[in-house]
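Trainee: I would like to go through this model with you. Where do we begin?

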Amino acid sequence: MRFRHRAAAGFATLLLPLAGLVGLASPAQAATNATAGFTKTSDWGTGFGGQWTIKNIGTSSISSWTVEWDFPSGTSVTSAWDADVTGSGTHWTAKNKSYNGTLAPGASVSFGFNGAGSGSPSNCKLNGDSCDGTTVPGDAAPSAPGTPTASSVTDTSVKLAWSAATDDKGVKNYDVLRDGTKVATVTTTSYTDTGLTAGTDYSYTVQARDTADQTGPVSGAVKVHTTGGGTTPPPTGDKVKLGYFTEWGIYGRNYNVKNLVTSGSAAKITHINYAFGNVTGGKCAIGDSYADYDKAFTADQSVSGVADTWDQPLRGNFNQLRQLKAKYPNIKVLWSFGGWTWSGGFADAAKNPAAFAQSCYDLVEDPRWADVFDGIDIDWEYPNACGLTCDTSGAAAFKNVMSALRAKFGSNNLVTAATTADGSAGGKIEAADYAGAAQYVDWYNVMTYDFFGAWDAKGPTAPHSPLTSYDGIPKAGFTTADAMAKFKAIGVPAKKLLIGIGFYGRGWTGVTQDAPGGTATGPATGTYEQGIEDYKVLKTSCPATGTVAGTAYAHCGSNWWSYDTPATIASKMAWAKNQGLGGAFFWEFSGDTSNGELVNAISSNL
């Protein structure tokens, strides 16, 4: 297997975020006769461009202005224009220049800066007052309370307790948030939440309010699973039904977490792999901070139907996944690291697996989103073999990394990995110790697609996801059946193997032969990449004309495509059940129809 759909998609995550950043405005806060608002104008991962706009909303002129704000640790101003900006620790102050201090009623002025890091401003003050046009006492907001602890968990209730927040003028009360929504306000440091549903996952955080009614940052999250509910099987059965959600899909594809709900797919899956986190410098790292936890979704884009606000503790895809899990408590979410583009980072990770595992744990279990994730997935393409780059870490490297991850994440978190499906003699399955690593993983996502494609521009045409071999197959061992047989032969349990389905097709142009094995002149035109197209497009633009090796193919005009349909998926699911496999996974949600045809085919036949 040479390429996968993720090849172009993984690269797109490095290019697309800027398009989504333009116009991101926060209403910030402001003084009694003026307001100040912040806009992040650009983002390049390790830094960003920012702009503050001050507006006179009063009836008299302003002769000067000073804007103050706090950045989280690790975020700073590196250069500025149209204001004198200074910093002290995490606190930043901007004063007008001699030429832009005076503002007539209704007038506004802006200044800009470049920043390092990925944080956003908080605790804004304009000329000593709040930046939203109200006057507030000059005291600081309270600190974050301690992460709650849960006890006395029953079918319908849980007792929560936390350490107190601090404030220079005193803490008045605490808001208790369940799955991000306030459920109570109390004056003590404990609360018992009742009326819950048996056998259900919940996430709790706490936020303090001082005597001036200022709220501080939200505490870390504690996960709670109520007892009971075990007599009713989950709606999805005992097989894993996992889909990849790509962080960059919210840009050009306009595919949001909410689409999982409107398509009906959320009710038919058990797990989501969120792709991808980066692997760099021997550590797990954020892939796209804006998409992950900063983008503000409008009410019509949001799972909850409520628009994000500028000052909420968590936004972006992570918050949408949190809302999805509140709506569908059976769904587990894993954060997938690597992928085609970022797999080169695993070479450094393999040099110190324990340090790598620690970095991944610290990121996945960050208090801001720890409740969102139920484990980690490693997408290394490929251990001790070649993908976008060639890895020479050795056959034991993969096992060592997976062992360290399991040791760090423990038995209460899922640890999984995507693997090659190269079942050829001397192929990629034989290059790494997948058998030895199997004891540390919950399952392998065997990438049984992209066996053949238009990277071989002249063909021969062949199904990119053959279930079995057939006369004329371009390379022996490049089938789902061969891959699964090889994994089982080396000792990987069948229940730890998931069959992979691509929600897209691969195609050639310049083809005259209807049957597989024809010659071509190059890749067929695709929406996002040459030689590849979503199922939702192909089902009508080039309907299937035949089936080979359990996969549909289509010859329309001079184009030849292969892809899976609901019918071929049904047959592949029957095969997977007969083989005793642990379930199925797919790449990726946005390739499906708006009513989730392919997800339904997986769910109803597995």
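Mentor: Start with a definition: buried means under 20% relative accessible area, exposed over 50%, and partly exposed in between, with a 1.4 Å probe and protein chains only. This is a predicted model, where local features need pLDDT of at least 70, side-chain atom pairs count only at pLDDT 80 or more, and totals for chains, interfaces and linings use all residues. Residues are numbered from 1 along each chain as its sequence is written, and side-chain values use heavy atoms, with hydrogens and water left out.

Trainee: Is Leu497 buried or exposed?

Mentor: Leu497 is found in strand 25 (residues 497–502); strands are DSSP runs of E, at least two residues, and helices are runs of H or I, at least four, both numbered from the N terminus. Beyond its neighbours within four places in sequence, Leu497 is in contact (heavy atoms within 4.5 Å) with residues including Tyr444, Phe487 and Leu581. Its relative accessibility is 0%, so Leu497 counts as buried.

Trainee: Which residue forms a salt bridge with Glu430?

Mentor: A salt bridge needs a side-chain nitrogen of Lys or Arg within 4 Å of a carboxyl oxygen of Asp or Glu. Here the N to O distance is 2.5 Å. The pair links distant parts of the chain, 56 residues apart, with Glu430 in a loop and its partner in helix 11 (residues 480–489). That partner is Lys486.

Trainee: Is Lys486 buried or exposed?

Mentor: Glu430, at 46% relative accessibility, counts as partly exposed. Lys486 has 18%, so Lys486 counts as buried.

Trainee: How many residues apart in sequence are the parts that Lys539 and Glu597 tie together?

Mentor: The two side chains meet in a salt bridge, 2.5 Å from N to O. Lys539 lies in helix 12 (residues 535–541) and Glu597 in helix 14, so the parts they tie together are separated in sequence by 58 residues.

Trainee: Are helix 13 and helix 14 roughly parallel or roughly antiparallel?

Mentor: Their axes come within 9 Å and cross at roughly 30°. Axes are lines fitted to C-alpha atoms, for helices over the stretch in contact, and angles run from 0 to 180 degrees between N-to-C directions. Angles under 35 degrees count as roughly parallel, over 145 as roughly antiparallel, 65 to 115 as roughly perpendicular and the rest as oblique. Helix 13 and helix 14 are therefore roughly parallel.

Trainee: Which residues in helix 14 meet helix 13?

Mentor: From helix 13 come Pro566, Ile569, Ala570, Met573 and Lys577. In helix 14 they meet Glu597, Leu598, Ala601, Ile602 and Asn605.
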